[in-house]
Amino acid sequence: MKDLSDKDLVNAASMLDYSVDAFRARIPTSMHLEEKASETLALEVVQTVDFDCPVYIERADGCRLIDVDGNSYIDLTMGFGAHVLGLRPRSVEAAIKEQAGKGWHFGIHNQLQFQLADLIAAARPNNEQIAFCNSGTEATMYAFRLARAITGKAKIGVFDGAYHGAHDYALVKVDPTSCVTKPRAVLDGAGIPSWVRDESAIALPYCHPAAFDQIRENKDDLALVCVQPVQNNNPSLDNKEWLAELIQVCHDCNVLCLFDEVVSGFRLAYGGAQEVFELTPDFTVYGKSIGGGLPVGAIAGPRAIMEGFKSVSTDSGVFFGGTFNGNPLTMAAGVGALGTLSKDRDIIYPALNARSDRLVKDINTFAQDNEFPFQAVNAGSLICFHFQSERIRSFRDLNNRGSFAERAFYVELLNYGVLVPAIHLAFLSHAHNDTDVDMIVDAVKASLFAIRDMKLI
Ligand code: PLP
């Protein structure tokens, strides 16, 4: 990416404004809603999704979102990855409707929980028992607590570039100026006590053998190493050997190894990244896709681990609560989604992964042929866009986040009818067909040409 002089920066800002204004003219109702929202909402959806052009969505079907002004977009948000089958798949819609007619929240046992648990258990041999909660955040929070209770140790190892949710113990990231092989943990945002950083967290380098030395050195304090087998920002399927060694080192050090498959579970394959890599961690957290698009999280593991949740009546019991845990509406939606994914897994996953690979290949070929400093990287249908040509090996290699070029790119994509939330992440689904993929590739090409015409790249 070229360095911009002060004059270029002013020019770039006005080009971005021009592009934003042109698109905003197409979404008058959304613009009105945004104004209204700013009065009563402290923030919308999540902090990380910071649209220059906020579109308010009215309805969804297949791979398309329709906004309140009637504009249609091919969606690559897919509910932040929750929708593997696409938006409003009929199996999930029917299950939700049926359950809504019977009641959606009792707080008392319901048999849909077993059905969803069975579908999750069928994904991996180690998923002997499942506990449901309401988000991926809750799932990692409970998993961290469970690991501490089982091992009697306090610290949690988390990796450079990881995301494990919004609770205090997960909001530890790596100081990018710290040593690659011995990263330093810093807190992600205000309001988290400094002892979380000092007494709870150990930062580890992702996909780096130095992580093994760190685990060995800290084995007396480490309860758990939590790892995304495929990271959201840096998706790759090259991690198998490193992950296998990680599991082994944790095992040797009496440290539990948790795979966070909140995104990758039931998306890369029915059995998630574990199936792709043929690996088995001590236990796993899921979320997103297992709820068919309704709020959900789950911890899954062998009986010996999961029995920690059985009771709080003894001092060794681990507290587990939640008004909406296992509610029948989420369970029904999850059964609708995983039922279809399980039945048609041999058709859905190969096709979805091949289509995603094709999308990425077509975009990268175009970007290289035209010397655009842009690339798409993917692991199956988890896709990431980066405004740089250099190969990305770690989170620290990521540059140009939030550049004018990047921001204008997402606005132009909207102009060409493709919606990617401005967090670089894009998800393809079973509902995106080959024509949709062609349209996405064309939109990416046109958007890149547009920002080159604006002299932003
Ligand atoms: N773990 C991973 C890998 C995630 O990507 C996320 C959310 O994106 C979470 C955990 C937290 O899940 P939730 O947003 O449902 O709390």
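The model is predicted.

Start with the sheet. Four strands form an open sheet, in the order E1-E2-E3-E15. The pairing in this sheet is mixed. Its edge strands are E1, residues 57-61, and E15, residues 418-419. Each of these two pairs on one side only. E1 and E2 run antiparallel and are joined by four bridges. E2 covers residues 64-67. To find the pairing on screen, look for Asp61, which stands opposite Arg64 in E2. Remember a general rule when you look at strands: in a regular strand, side chains alternate between the two faces of the sheet.

H15 lies across E2, E3 and E15. The helix runs at about 100 degrees to E3, which spans residues 72-75. How far apart are the end C-alpha atoms of H15? They are 29 Å apart. The helix has 20 residues, so at 1.5 Å a residue it should span 28 Å, and the two values agree.

Which residues of H15 are buried? They are Asp436, Val437, Ile440, Val441, Ala443, Val444, Ser447, Leu448, Ala450 and Ile451. An α-helix has 3.6 residues a turn, so residues three or four places apart point the same way. The cover over the buried residues of H15 includes E2, E3 and E15 from the sheet. It also includes two helices, H13 and H14, the latter at residues 404-415. Lys455 has a relative accessible area of 57%, so it is exposed.

H13 is the next stop. This helix has 25 residues. From its first C-alpha to its last it reaches 36 Å, close to the 36 Å expected at 1.5 Å a residue. Its buried residues include Ile348, Leu352, Arg355, Leu359, Ile363 and Phe366. Asn353 and Asn364 are also among them. What do the buried residues of H13 pack against? Their partners are H12, the strands E13 and E14, and the helix H15.

Take H12 first. It covers residues 328-343, and H13 covers 345-369. The axes of H12 and H13 come within 5 Å and cross at roughly 90 degrees. An angle from 65 to 115 degrees counts as roughly perpendicular, so H12 is roughly perpendicular to H13. On the H12 side, the contact is made by Thr340, Leu341, Ser342 and Lys343. On the H13 side, it is made by Arg345, Ile348 and Tyr349. By class, this contact has three nonpolar, two polar and two charged residues.

Now follow the chain past H13. Just after the helix, Glu371 takes a positive phi of about 55 degrees. Then come the two strands. E13 and E14 form a hairpin with two residues between them. Gly380, in the turn, has a positive phi of about 55 degrees. The two strands pair in the antiparallel sense over five bridges. Ala376 stands opposite Phe385 in E14. Is E13 mostly covered or mostly open? Four of its five residues are buried, and E13 is mostly covered.

H8, residues 210-217, and H9 pack at an angle of about 10 degrees, with their axes 10 Å apart. That makes H8 roughly parallel to H9. H8 brings Ala211, Phe212, Ile215 and Arg216 to the contact. H9 brings Trp242, Glu245, Leu246, Val249 and Cys250. Seven of the contact residues are nonpolar, none are polar and two are charged.

Beyond its neighbours within four places in sequence, Ile247 is in contact with Cys257, Phe259, Leu279, Thr280 and Pro281. Ile247 and Thr280 are 33 residues apart along the chain, yet their C-alpha atoms are separated by 8.0 Å.

End at a loop. Arg88 is found between helices H3 and H4. Its phi is near 55 degrees, a positive value in a residue other than glycine. Arg88 counts as partly exposed, because its relative accessibility is 39%.

Terms used:
Residues are numbered from 1 along each chain as its sequence is written. This is a predicted model: local features need pLDDT of at least 70, side-chain atom pairs count only at pLDDT 80 or more; totals for chains, interfaces and linings use all residues. Side-chain values use heavy atoms; hydrogens and water are left out. Axes are lines fitted to C-alpha atoms, for helices over the stretch in contact, and angles run from 0 to 180 degrees between N-to-C directions. Angles under 35 degrees count as roughly parallel, over 145 as roughly antiparallel, 65 to 115 as roughly perpendicular and the rest as oblique. Contact means heavy atoms within 4.5 Å. Ala, Val, Leu, Ile, Met, Phe, Trp, Tyr, Cys and Pro count as nonpolar, Asp, Glu, Lys and Arg as charged, and the others, Gly among them, as polar. The expected span of a helix is 1.5 Å times one less than its number of residues. Buried means under 20% relative accessible area, exposed over 50%, partly exposed in between (1.4 Å probe, protein chains only). Two strands pair if DSSP finds at least two bridges between them.
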